[in-house]
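Subject: Structure handover and notes

Hello,

Please find the structure below.

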Amino acid sequence: MRNPLLFAVAAAAFVLAHTPAQAEIWQPAPGHVQVPIWPGKVPNALPHPKPESVGPGEGHTWWARANDVSQPTMTVYAPTGRNTGAAVVVFPGGGYQVLAMDLEGTEICDWLTSRGITCVLLKYRVPSSGPTWVNGSRYYPKVQTALQDAQRTLGLVRLHAAEWRIDPHKVGVIGFSAGGHLVAAASTHFAKRTYAAVDAADAESCRPDFAIAAYPGHLWAHEDEDRAERDPTHLELRPDITVSADTPPTFLLQAEDDEVDGVTQSLAYYVALKQAGVPTEMHLYAQGGHAFGLRPSTLPIAQWPRLVETWLGTIGVLDAVAAH
């Protein structure tokens with residue numbers, strides 16, 4: 001006769017072995033804590049969001065992909081050496097569908113903090129929180145919730161400026177791919193919040209003092225057209241991005257062989273910035289592709305962080321010592 005106790009133990013083990021593990025959320029390395037950016041209900045929240053999860057991203061090298069983020073967070077990384085007083089909010093890319101949390105997030109923070117810059121990594125909402133592709137068709141959300149998260153975070157950084165030893169007049173943004181579009185969105189939507197004010201953080205300015213967009217996407221007005229009909233000499237911006245003289249000084253970076261977001265994205269934004277009289281520096285390279293981040297490369301484009309540091313010196317964010 002079968003032992004009831006052994007049978008119960010075996011049955012329980014079988015159930016545990018065949019029960020799907022609870023979906024993990026992206027977490028920063030030990031010593032850092034991500035905190036929610038919204039104190040209560042998230043504005044324009046999805047009614048039944050999928051649970052957040054993490055997984056490997058697609059491409060030649062591994063990267064950590066955050067999926068289905070419905071509770072946006074920020075993680076603060078303090079300077080590892082001399083504090084310059086500057087701060088940068090980082091927007092990872094991922095096509096407004098996922099987030100490249102290390103390739104275009106923590107690795108960027110490691111670089112910035114080594115240069116004396118406080119880094120604030122934003123895990124903003126995805127998917128479909130900005131202009132994107134859904135089932136092969138272009139999708140424009142009625143509310144760009146990623147922009148709400150960006151505006152909220154910029155206000156939070158300035159609210160905590162004294163506590164975090166930040167100069168509130170030296171708070172910038174950097175973004176990659178879709179995060180580059182978010183850089184442009186935050187740089188052109190700061191006169192008014194796109195959500196109802198929650199607390200004192202929303203009384204602070206959400207205008208970046210400087211902006212860096214690397215291989216940005218979703219900026220060129222003609223990217224929705226059939227590839228054969230596109231005219232690369234027509235460099236109009238998408239209508240949701242309206243540049244003014246108050247748009248912050250901007251640094252643009254892209255490779256000419258970028259087959260995901262071509263150079264027309266940066267060119268269109270550059271033309272609009274120059275027409276508005278916004279101080280702008282743009283670097284285009286023959287090779288580099290897309291989503292290269294800071295990963296080691298022998299290509300000239302791999303020197304872009306030094307160019308950014310020099311540029312930050314020219315606009316008064318960093319002094320000569322910190323820039324080099």
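This is a predicted model: local features need pLDDT of at least 70, side-chain atom pairs count only at pLDDT 80 or more; totals for chains, interfaces and linings use all residues.

Residues are numbered from 1 along each chain as its sequence is written, and side-chain values use heavy atoms, with hydrogens and water left out.

Helices (H or I, at least four residues) and strands (E, at least two) are DSSP runs, numbered from the N terminus. Buried means under 20% relative accessible area, exposed means over 50%, and partly exposed lies in between (1.4 Å probe, protein chains only). In a regular strand the side chains alternate between the two faces of the sheet. In β10 both faces are covered: V171, V173 and G175 are buried on one side, and G172, I174 and F176 on the other.

Two strands pair if DSSP finds at least two bridges between them. β10 pairs in the parallel sense with strand β5 (residues 87–91), over 5 bridges. One of the residues involved is V171, the bridge partner of A87. β10 also pairs in the parallel sense with strand β11 (residues 211–214), here over 4 bridges, and F176 stands opposite A214 in β11.

β10, helix α4 (residues 178–188) and β11 make a right-handed β-α-β unit. Right-handed means that, with the strands pointing away from the viewer, the path from the first strand over the helix to the second runs clockwise.

The loop between α4 and β11

This loop contains D202. D202 is buried, with a relative accessible area of 9%. A polar atom of the D202 side chain lies 2.6 Å from the backbone nitrogen of V198. Leaving out residues up to four places away in sequence, D202 touches R152, R193, Y195, A196 and A197; contact means heavy atoms within 4.5 Å.

The sheet β2-β3-β6

3 strands form an open sheet in the order β2-β3-β6, with antiparallel pairing. Its edge strands are β2 (53–56) and β6 (98–100), each of which pairs on one side only. β2 and strand β3 (residues 64–67) pair over 4 bridges, and S53 has N67 in β3 as its bridge partner.

A64 is found in β3 and counts as buried at 15% relative accessibility. What does A64 touch, not counting residues up to four places away in sequence? The list is G55, L99, A100, M101 and D102. A64 and M101 are 37 residues apart in sequence, but 5.7 Å apart in space, C-alpha to C-alpha.

The cysteines

The structure holds 1 disulfide, where a disulfide is a pair of cysteine sulfur atoms within 2.5 Å. C109 and C119 form this disulfide, with their sulfur atoms 2.2 Å apart. The pair links C109 in helix α2 (residues 102–114) to C119 in strand β7 (residues 118–123), 10 residues apart. The link of C109 and C119 is left-handed, with -45° about the S-S bond. C109 counts as buried at 1% relative accessibility, and C119 counts as buried at 0%. C206 counts as buried too, at 1% relative accessibility.

Regards

Methods:
A polar contact is a pair of N or O atoms within 3.5 Å; within protein, one must be able to donate a hydrogen and the other to accept it, and residues adjacent in sequence count only if both atoms are side-chain atoms.
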